[in-house]
Amino acid sequence: MIKAKDLRNSILQMAVRGKLVPQNPADEPASVLLARIRDKRRELVAQGKLKFPKGGESVIYRASDGSPYEKRIDAKGRVISDECIQEEIPFEIPETWEWARLGSVINLMSGIDLPTADFNSKHEGIPYLTGASNFNRGELIENRWTTHAKRISKKGDLLFTCKGTIGEMAINRFEFAHIARQIMAIQPNEETLLDYIATFLESLILAIRASAKGVIPGIERNTLLNALFPVPPLAEQERIAARVDELSPLVDEFGSLEERREALDSALPRKIRQSVLQEAVEGRLVEQNPADEPASVLLARIRDERRGLVAEGKLKFPKNGESVIYRASDGARYEKRIDAKGRVISDRCIQEEIPFDIPKTWEWARLETVCTYISRGKSPTYSPLQQYPVVAQKCNQWNGFSLDRAKFVDPETVTRYSEEQILHDGDLLWNSTGLGTLGRMAIYDSSKNKYGWAVADSHVTVIRTGTRWVDYLFVFFLHCWAISPISC
């Protein structure tokens with residue numbers, strides 16, 4: 001699908017190649033226009049209002065062999081050089097058009113910077129325009145002023161940025177403005193149309209960017225003055241400018257629609273993912289089977305297993321008591337807390353905590369009641385010896401974990417790690433801190449660890465459930481992160 005910027009570029013290319021509007025045989029030829037421009041420029045030189053070009057006056061013409069040649073003429077009218085420039089010509093133009101160096105048809109003024117002491121923010125003096133920040137969609141914004149102006153642009157000049165953000169353009173609507181070195185000004189005359197020159201400049205900048213294959217740091221003055229400029233008859237310049245003005249709002253509208261479509265395209269996979277995850281944890285993604293063992297029986301068995309591990313000293317009894325969530329006779333959810341002797345410590349309604357409805361065969365539970373270990377890793381003492389790896393935030397991605405970027409524990413400190421701190425198959429590894437990595441989770445898989453041993457660092461929380469729970473819990477955490485990344 002064509003992009004708005006490509007459409008804009010196509011219009012510009014058609015404009016400067018004579019393909020955007022039809023030619024009119026009745027138009028005064030561009031050759032006559034250029035001859036008149038040269039005469040007027042010579043008058044200005046004679047009056048001391050314009051400097052004669054250092055390299056001589058440029059005259060491009062088509063020789064008898066059909067090839068374009070360029071003569072350079074000195075201030076006394078003598079030919080300095082006369083060379084074929086066929087290899088420089090970038091494209092064909094209509095017969096009524098002519099090629100010229102841009103410097104031979106425009107007056108170009110470069111800006112200069114002022115010292116800090118010479119400008120102000122108090123609206124004293126004339127506007128001081130410094131760069132792209134003063135341009136907004138073809139309009140100029142004043143935010144600094146100066147009473148020490150040295151390089152003054154007048155009302156009607158075509159201003160454009162030549163450094164920093166290249167190619168911002170606007171007609172100067174201020175009576176006077178000082179321009180800094182990031183800006184150049186093309187001064188109007190009776191024989192050229194600034195709107196057409198602006199179209200050419202935009203196409204030129206696009207061509208320079210394309211040849212540079214990326215961002216360009218700036219456009220030098222001589223690059224512009226020596227640029228080959230396709231000159232249409234003045235009447236056709238007006239038609240081209242009018243057609244570009246007519247098409248530009250349509251391109252802008254197309255660009256806005258393109259941005260909205262791209263935003264939708266970008267958001268759609270995320271929204272679909274959120275929807276699927278939401279349905280998964282709410283029990284709406286797959287059908288329930290009445291023959292399945294109810295979750296209440298599963299949780300009772302887990303509680304029995306955990307009590308056995310506590311009795312064997314392999315698991316600590318929860319400090320605030322064992323949690324049992326149940327549906328009371330009033331239909332609301334309650335949570336009992338039971339101490340190590342089986343006595344009820346508390347029994348309270350938690351209906352306001354329940355985020356959504358679940359199927360009748362499902363149950364709510366605290367994460368701690370289905371896990372045998374939840375803890376952040378510890379800060380290791382590292383070693384260059386690659387023997388005992390540490391899973392850090394950078395090792396975790398949503399699509400898995402890798403030890404390629406892992407650091408390694410000092411072998412002399414390995415005995416400081418308990419058995420439960422050493423990673424097991426099925427451990428959920430959650431990045432619990434870190435800008436840009438917070439929330440990423442992976443499932444530990446020992447087959448991806450050639451070292452046979454690993455621990456987590458202090459920025460990764462280990463959640464151990466056993467392999468029977470891990471895949472569903474991973475989906476649950478994906479859902480939490482998709483819905484509310486910060487609170488997850």
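## What counts as a core here

A nonpolar core, as used below, is a set of buried Ala, Val, Leu, Ile, Met, Phe, Trp, Tyr and Cys residues joined through side-chain atoms within 4.5 Å. Keep in mind that the model is predicted.

## The cores

By that reading, the largest nonpolar core takes in 48 residues, and L158, F160, I186 and L201 have the most contacts inside it. Helix α3, residues 194-212, supplies the largest share of this core, with eight residues. In soluble globular proteins, nonpolar side chains do tend to be buried together.

Let's zoom in on L201. Setting aside neighbours within four places in sequence, what does L201 touch? L201 is in contact with L102, L158, F160, M169, I186 and L224.

## Overall shape and fold

Now for the whole protein. DSSP runs give seven helices and 28 strands. The C-alpha trace spans about 110 × 55 × 55 Å along the principal axes. How does the radius of gyration stand against that of a compact globule of 488 residues? The globule would come in near 23 Å, but the protein has 37 Å.

As for contacts, take those with a sequence separation of 6 or more: 66% of them join residues 24 or more positions apart.

## Surface and charge

Buried residues make up 42% of the 488 in the protein. The accessible surface comes to about 27800 Å², and carbon and sulfur atoms account for 52% of that area.

On the charge side, there are 67 positive and 67 negative charges, and their mean positions are 5 Å apart.

## Two loop residues with positive phi

Most residues other than glycine have a negative phi. Here are two that go the other way. H123 has a phi near 65°, and H123 sits in the loop between β6 (119-120) and β7 (126-129).

The other one is R137, with phi near 50°. Where does R137 lie? R137 is in the loop between β8 (135-136) and β9 (139-140). Is R137 buried or exposed? R137 counts as exposed because its relative accessible area is 79%, and the cut-off for exposed is over 50%.

Methods:
Residues are numbered from 1 along each chain as its sequence is written. This is a predicted model: local features need pLDDT of at least 70, side-chain atom pairs count only at pLDDT 80 or more; totals for chains, interfaces and linings use all residues. Side-chain values use heavy atoms; hydrogens and water are left out. Helices (H or I, at least four residues) and strands (E, at least two) are DSSP runs, numbered from the N terminus. The radius of gyration is taken over C-alpha atoms; the globule rule is 2.2 Å times the number of residues to the power 0.38. Buried means under 20% relative accessible area, exposed over 50%, partly exposed in between (1.4 Å probe, protein chains only). Contact means heavy atoms within 4.5 Å. Accessible areas come from the Shrake-Rupley method with a 1.4 Å probe; for residues, only the protein chains shown count as cover. Lys and Arg count as positive and Asp and Glu as negative; His and the chain ends are not counted. The place of a charge is taken as NZ of Lys, CZ of Arg, CG of Asp or CD of Glu.
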